[in-house]
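Let's take a look at charged side chains and how they pair up. Here is the structure to keep beside you as you read.

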Amino acid sequence: MYSDQFDVYTGNANPELARKICRYLGTDIGRAEVFQFANENIFVRVLDNVREKDVFLVQSTCRPVNQSIMELLIMIDAFKRASAGRITAVIPYYAYGRSDKKDQPRVPISARLVADMITVAGADRVLTMDLHQGQIQGFFNIPVDELTAVHLLSNHFRKKQLEDLVVVTDLGFAKRARTFAELLDAPLAIIEKRRVGNLDRAEVMNVIGEVRGRRAIVVDDEIDTAGTLMEVVRALEREGVDEIYACATHGVLSDPALERIADSSLREVVLTDSIPIPQAKRASSIIQLSVAPLIGEAIRRIHRGESVGALFSSEVSFTQEMILWEDGLPTDGDDPQPGGDPTPGADPDGTGVPGALAAEPIDPAVASPDERG
């Protein structure tokens, strides 16, 4: 059985998210070397003693996708050979999720292949967020906890107090979009679309639902080239919608997504930091929310053997506390978290800045081990 201690480590895919997670948990990022040799071979060396510890490896499989996947697999193998008690692969964004079935002759099911590789490498469980399709959980022979950013995203729009809303989505995201719509007390409209070959392009066939004269929020699991999003925007404009917002959990933003968003009538595009957005790709219309407190709380609960699903059901007030973490808003009474940790988002010195976020971002290359948390 693994020890009472747990450690969080990160690869090179999204180290900033890992730092935020550790900041929420009040711990330091574990020390490990993860880099490429000149011949592009990846090398991993664990610098801490992890024997019998509960280890969480944070690595989104985002651009460069294949390098991120290999880093994760080699990290899992390194920690397994270092005798870690339990290894949880924390994968905020799961790549190859679209290849989840044989929809053409002689094609692979790549999402299953990636799941097999993670399992064979030695992961004991997976923590992820808003998979492209829920059945991907069944590709694993190990436990999978799937979080959702629906509550985080809906809260952003709830604070805007928009009236006459309608939530718009496609059939693939309809179940989670229904929850999104219920949280906003808004009706749901469905976009009927079809993909054109293997291109990153979709053709919108129909808008099912009443949207005329309403403000529309288009919600999906990811925005890649924004081709589908633009088709949806044009379809809504034809139906008489003139104020359109968009949100998604994962901002892949492959070219020419930024140009398409900038040239569109979208008022706002809201994404999470499950995938890092480079400074060159940031725009005034793109807003990024952090999923660090959600993932951090899930890590805490997995380690303690507590319910993760309760985050989205019975403990709504606790979910709201996590949502307010990055806003710097104190919760009622600023009570400490279970276990004695300060409440994330509390304002200990009355400056209006939460204690966990008062410091400037830290460069991991120059930070001391004590600063990395």
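Glu-268 pairs with Lys-160 in a salt bridge, with 3.1 Å between the closest N and O atoms. Glu-268 sits in strand E13 (residues 268–272), while Lys-160 belongs to the loop between helix H4 (150–158) and strand E8 (165–170), so this pair ties together parts that are 108 residues apart in sequence. Glu-268 counts as buried, at 10% relative accessibility, whereas Lys-160 is partly exposed at 33%. Keep in mind that this is a predicted model.

Now for a pair inside a helix. Asp-77 and Arg-81 form a salt bridge, their closest N and O atoms lying 2.7 Å apart. Both are in helix H2 (residues 65–81), and because they are four residues apart, about one helical turn separates them. Asp-77 is partly exposed, with 23% relative accessibility, and Arg-81 is exposed, with a relative accessible area of 63%.

| Salt bridge | N to O distance |
|---|---|
| Glu-268 and Lys-160 | 3.1 Å |
| Asp-77 and Arg-81 | 2.7 Å |

How many salt bridges does the structure hold? The count is 21. As a general point, side chains of opposite charge can pair when their charged atoms come close.

Methods:
Residues numbered from 1 in each chain as written. Predicted model: local features only at pLDDT ≥ 70, side-chain atom pairs only at ≥ 80, totals over all residues. Heavy atoms only, no water. Salt bridge = Lys/Arg side-chain N within 4 Å of Asp/Glu carboxyl O. Helix = DSSP H or I, 4+ residues; strand = E, 2+ residues; numbered from the N terminus. Buried < 20%, exposed > 50% of the residue type's maximum accessible area, 1.4 Å probe, protein only.
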